[in-house]
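Take a look at the chain shown here.

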Amino acid sequence: MKTRKIALLMVTLLLAFSTVLAGCGSSNTNDTSGNAASGGESGDKDTVKLKVYLIGGPQRDLPMVQEEMNKYLMEKINTTVDITMIDWGDYSKRMPVITASGENYDIAFTSSWAYDYLPNATRGAFLPINDLLDKYGQGIKEQLDPRFLTGSQIDGQNYAVPVNKELASQWVWRFNKQYVDKYNMDISKIRTLEDLEPYLQQIKDNEPADITPLAVPKGFKPYLAFDFLLGDEFPVGINMNGDTGKYVNVLESEELKSSLKTIRKYYQAGYLRKDVATLEGIDNIKTGKWFVDREQTQPYAELGWSRSAGYDIVTTPMQDPVIFTGSATGAMHAISANSKNPERAMMFLNLLNTDPYLRNLINYGIEGTHYNKISDNVIEDLPAMKDGFQMPGFALGNLFLTYMHKEDPADKWEAFKEFNNSAKVAPSFGFNFNPDPVKTEVASISAIVKEFYPSIMTGAVDPDEHLPKAIEKLKAAGLDKVIAEAQKQYDEWKAANQK
């Protein structure tokens, strides 16, 4: 009897042990180990599905392209992706809701201008990735200009992978070349707002009334050599031609006051549209009825603008290129703090920044369907690309891996690198202001700016009358408190980063 009990006990234990072994061999699509079939450390065979949110309009052919991506990703890292595109105007509204819901998505686009990197990183929406970069993102670190990672650090930690693209920022005047040629203009002499005057006058005097000399919408602001705290929509910055250790009220600067007098004169002379202060956008590129506007550039940007417009556009710089903190965070991919698969997410981002096939697949679609190859690295678009797959290339990963079009210069990517290497570094590069201690004041100031800026900055109202009113209202809302907080954090950052 005793022997039978022992035998039964042994059988029971063996069955239990077999069940455990069977359970260990089962597939788990919610694997959190991060070890891929290839590239992982333990040879884990589990397949991971990554949820990815990207900015941009919906694309008809995304499911088709994603299917091809997933075939490749299964071979490479035993992973698939589920990509959701959220339109430009909706992205910054929807992503905070998705994050607040606790959804365990894996990767999201973030930047200094959409689903803002700094506040979301400091509030815990994104995972710190330094260790993940060291372990699974070595290819990223090898490919990426190190200043991208330096400029996007917050207290020594990185919370997103920057897109390798132009690092410097440069404003240019863009000209409709037909008028430059018609009047034999030497635009190389034009740099400042004041330099434009005789040319604007020439267009105003000699062209029909529907040709806008200075074609800008209500978001126009005169260029100022300031290192802005929270972008040029917020009136706090460091004068790069003055005391580079001090944050000031930009609205009280002599540079702005001088520029506002000039733009007011231009408005009164009829060089800008009369409705400019309420003009959300302007269709000058589409209509061709314009002489000059302004835009931020990158090497050979004129070719892209001209190709899009269907006529020639030429430029001249307002300023030399500068590397700001915001430049380094202009397009990034963060791993969600709620991700169940951060290791595999980093493996995917590593491929997106090092693997030419995957990078061009997500950018241009499928060869033979969306484009044809002219040579190894040069393509021509097919109608299916325009109709069903126009992805925002700058927001997808290492731009230097992407194919060129036949009209692109052979040295395009070398020119990008030279553009980055030649740029001046802004005083606060690498400093990320935490607005939380003054978030109420920042919100109030931002609202007041939206009220006053369009009319003042476009010359639609007299700056001598309206600028003091704006300054008074901003100070009442706590502008000086924000400047003091910015100065405190900046001084602490400089002290901690002195070499």
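Is Lys-475 buried, partly exposed or exposed? Lys-475 is partly exposed, because its relative accessible area is 33%. Here buried means under 20% relative accessible area, exposed means over 50%, and partly exposed lies in between (1.4 Å probe, protein chains only).

## About the model

This is a predicted model: local features need pLDDT of at least 70, side-chain atom pairs count only at pLDDT 80 or more, and totals for chains, interfaces and linings use all residues. Residues are numbered from 1 along each chain as its sequence is written, and side-chain values use heavy atoms, with hydrogens and water left out.

## The annotated span

UniProt lists residues 428-495 as "domain: DUF3502", in an unreviewed entry. UniProt positions are given in the numbering used here, feature names are shortened, and annotations may be inferred rather than shown by experiment. The span is 74% helix and 0% strand. Its end C-alpha atoms lie 12 Å apart.

Helices (H or I, at least four residues) and strands (E, at least two) are DSSP runs, numbered from the N terminus.

## Helix α19

Helix α19 covers residues 463-476, which makes 14 residues. From first C-alpha to last, α19 reaches 19 Å, close to the 20 Å expected at 1.5 Å a residue. The expected span is 1.5 Å times one less than the number of residues.

Which residues of α19 are buried? They are Pro-463, Leu-467, Ala-470, Ile-471 and Leu-474. These residues sit on the same side of α19, because they cover an arc of only 100° around the axis. The arc is that of the directions from the helix axis to the C-beta atoms. An α-helix has 3.6 residues a turn, so residues three or four places apart point the same way. On the other side of α19, Glu-472 and Ala-476 are exposed.

## Around α19

What covers the buried residues of α19? The cover includes β9 (247-249), α10 (254-269), α18 (439-457) and α20 (479-497). Contact means heavy atoms within 4.5 Å.

Now look at the two ends. At the start of α19, a side-chain oxygen of Asp-462 comes to within 3.0 Å of the backbone nitrogen of Asp-464. After α19 comes Gly-478, with a positive phi near 105°.

## Salt bridges

Side chains of opposite charge can pair when their charged atoms come close. A salt bridge is a side-chain nitrogen of Lys or Arg within 4 Å of a carboxyl oxygen of Asp or Glu. How many salt bridges are there by this rule? The count comes to 28.

Back to Lys-475. Its side chain forms a salt bridge with Glu-252 (3.5 Å, N to O). This pair links distant parts of the chain: Lys-475 is in helix α19, while Glu-252 is in the loop between β9 and α10, 223 residues apart. Glu-252 is partly exposed, with a relative accessible area of 38%.

Lys-265 is in helix α10 and Glu-197 in helix α9 (residues 197-206), so distant parts of the chain, 68 residues apart, are linked. Lys-265 is partly exposed at 42%. Glu-197 is partly exposed at 30%.

The side chains of Lys-412 and Asp-408 form a salt bridge too (3.5 Å, N to O). Lys-412 is buried, at 15%. Asp-408 is buried, at 13%. Elsewhere, Lys-221, Asp-232 and Glu-233 are linked in a network of salt bridges.

Note on methods
A polar contact is a pair of N or O atoms within 3.5 Å; within protein, one must be able to donate a hydrogen and the other to accept it, and residues adjacent in sequence count only if both atoms are side-chain atoms.
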